Amino acid sequence: ERSYTLTLLPGDGIGPEVVAVAKEVLSLTGSLEGIKFHFIEMPVGGSALDAVGVPLPDETLNTAKNSDAVLLGAIGGYKWDKNEKHLKPETGLLQLRDGLGVYANIRPAVVLPQLVDASTLKKEVAERVNLVIVRELTGGIYFGKPRGFGTNDNNEDIGFNTEKYSASEIDRIGRVGFEVARKRNGKLCSVDKANVLEASMLWRQRITMLASEYPDVELSHMYVDNAAMQLIRDPKQFDTIVTNNIFGDILSDEASMLTGSIGMLPSASIGESGPGLFEPIHGSAPDIAGQDKANPLATVLSAAMLLKYGLGEESAAKRIETAVIETLNRGFRTGDIFSSGTTLVGCKRMGEEVLKCVDSLMPAS
Ligand code: NAD
Ligand code: IPM
Ligand code: MN
């Protein structure tokens, strides 16, 4: 029997609700696939601020570093929005990504046939969309220095940040983009703002240079404003997108609406070595927290990515993905993906239905 230690970071808002579902799905899948999971739950974000006064306690980071993979729910909430920067839940999440060195964030957006009607786009536009955004996660304007608050010559308050990328930072995320594209349709679109920003000019130059190492991948470049428009106009033109930290953040939320809901999109964050970090792309959804309304599928699918990319447990990952699709086939929907003719359920019930499907499926291979 294989055995792994997983750090669970439920976080805030709907985080604990969706992570509880994913934990049960992992346990049952493990027991059916001959895998034993040892779960360690640790605080992060607002819940860590309330418990110990910092958004990423050393113990949480150390536990995460010493485990085989990390599953995070979400962080943040109104209660901490006015905190100073170093005491914001979001700062804890950025410290975690940085501390684990997970620079490559893989965010797939797949429109399932079962959910075409949940998309706000026309069926012809949304159906069969299947793309991946490879987002740089530990650099760019999120981390660049100088940053801070100050005053200008007129003694007016200013806030400032720096978008900065080194050649090696661009190269390593670029390579992930090419590798991901190579395993898919062989089409890579690099998204930047090279008509205006120096950091993007270097980005485009380095990505163009890398292309000679990947003759089987067809590389194109697009400005981010156009990319935001093209994602809605004709999303099927995209296969793999590689982009910087902030553009990837924004474009992945946009891409989630092609699929019907942000409550469906998982992500995997990987570094050079050490455990990966797996999290849904959505936030803590304070507007629905504690009401059993959250869609847990983004987190359940993140658990599947954890098995596949974090542990190499492909059969177990496949079992979870198939169970999610079967649950949708059986007509169960949380409010965010509900359409007429389907069965409206809450977060817990959705989890129970996924468990039934996990249980009834044969191992994938
Ligand atoms: P959000 O993603 O939390 O919510 C946006 C909207 O989507 C809300 O209407 C919410 O109800 C809905 N939604 C999100 N996830 C859902 C799910 N699983 N099921 C059903 N509906 C869902 O974004 P926001 O409102 O901009 O941010 C709220 C808080 O979350 C902020 O504090 C923000 O900083 C934080 N945040 C955290 C993460 C993260 O932990 N990775 C990501 C984004 C935002
Ligand atoms: C995400 C979130 C985070 C980000 C915030 C909460 C720091 O929006 O994971 O997409 O901007 O990366
Ligand atoms: Mn985001």
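## Strand β4 and its partners

Strands β4 and β5 pair in the antiparallel sense over seven bridges, where pairing takes at least two DSSP bridges between two strands.

How many of the seven residues of β4 (residues 104-110) are buried? Six are, so the strand is largely enclosed by the rest of the structure. Buried means that 20 or more other C-beta atoms lie within 10 Å of the residue's own; exposed means 12 or fewer, partly exposed covers what is in between, and C-beta atoms are placed from the backbone.

## What you're looking at

This is a predicted model: local features need pLDDT of at least 70 and side-chain atom pairs count only at pLDDT 80 or more, while totals for chains, interfaces and linings use all residues. Residues are numbered from 1 along each chain as its sequence is written, with chains lettered from A and ligands numbered from 1 in the order in which they are written.

An unreviewed UniProt entry places the feature "domain: Isopropylmalate dehydrogenase-like" at residues 5-354. UniProt positions are in the numbering used here, feature names are shortened, and annotations may be inferred rather than shown by experiment. That span is 40% helix and 19% strand, and its end C-alpha atoms lie 23 Å apart.

## The rest of the sheet

Zooming out, β4 and β5 belong to an open sheet of ten strands with mixed pairing, in the order β2-β1-β3-β12-β11-β4-β5-β10-β8-β9. At the edges stand β2 (35-41) and β9 (218-223), each with a single partner strand, so one side of each is left without a neighbour in the sheet. Direction ignored, neighbouring strands are turned by 25 degrees against each other on average.

On the other pairing of β5 (residues 130-136), the sense is parallel: strand β10 (residues 240-243) joins over four bridges, with Arg-135 opposite Thr-243 in β10. Helix α7 (residues 198-210) packs on the sheet and touches β8 (187-192) and β9, its direction making about 160 degrees with that of β8. Helix α10 (residues 297-310) also packs on the sheet, touching β3 (69-74), β11 (268-270) and β12 (276-278), and its direction makes about 160 degrees with that of β12. For these angles, axes are lines fitted to C-alpha atoms (for helices, over the stretch in contact), and values run from 0 to 180 degrees between N-to-C directions.

## Two buried threonines

Thr-259 lies in the loop between α9 (245-256) and β11. With 26 other C-beta atoms within 10 Å, Thr-259 is buried. Beyond neighbours within four places in sequence, the contacts of Thr-259 include Ala-109, Val-110, Val-111 and Leu-115; a contact means C-beta atoms, placed from the backbone, within 7 Å.

Thr-60, in helix α3 (residues 58-65), is buried too, with 26 other C-beta atoms within 10 Å. Leaving aside neighbours within four places in sequence, Thr-60 is in contact with Leu-9, Met-42, Pro-43, Val-44 and Ala-48.

## Ligand shells

Which residues come nearest to ligand 1? Of the 21 around it, they are Gly-76, Gly-263, His-282, Gly-283 and Asn-295. The shell (C-beta, placed from the backbone, within 6 Å of the molecule) divides into ten nonpolar, seven polar and four charged residues. Nonpolar covers Ala, Val, Leu, Ile, Met, Phe, Trp, Tyr, Cys and Pro; Asp, Glu, Lys and Arg are charged; the others, Gly among them, are polar.

Around ligand 2 sit Gly-76, Glu-90, Leu-93, Leu-94, Asp-249, Ile-281 and Gly-283, which split into three nonpolar, two polar and two charged. Helix α4 (residues 89-100) gives the most to this shell, with three residues.

A cis peptide bond joins Lys-145 and Pro-146, with omega about 5 degrees; Pro-146 is in the loop between β5 and β6 (148-151).

Asn-155 is not a glycine, yet has a positive phi of about 65 degrees. Asn-155 sits in the loop between β6 and β7 (157-160) and is exposed, with 6 other C-beta atoms within 10 Å. Ala-285, in the loop between β12 and α10, also has a positive phi, near 40 degrees, but counts as buried, with 23 C-beta neighbours inside 10 Å.
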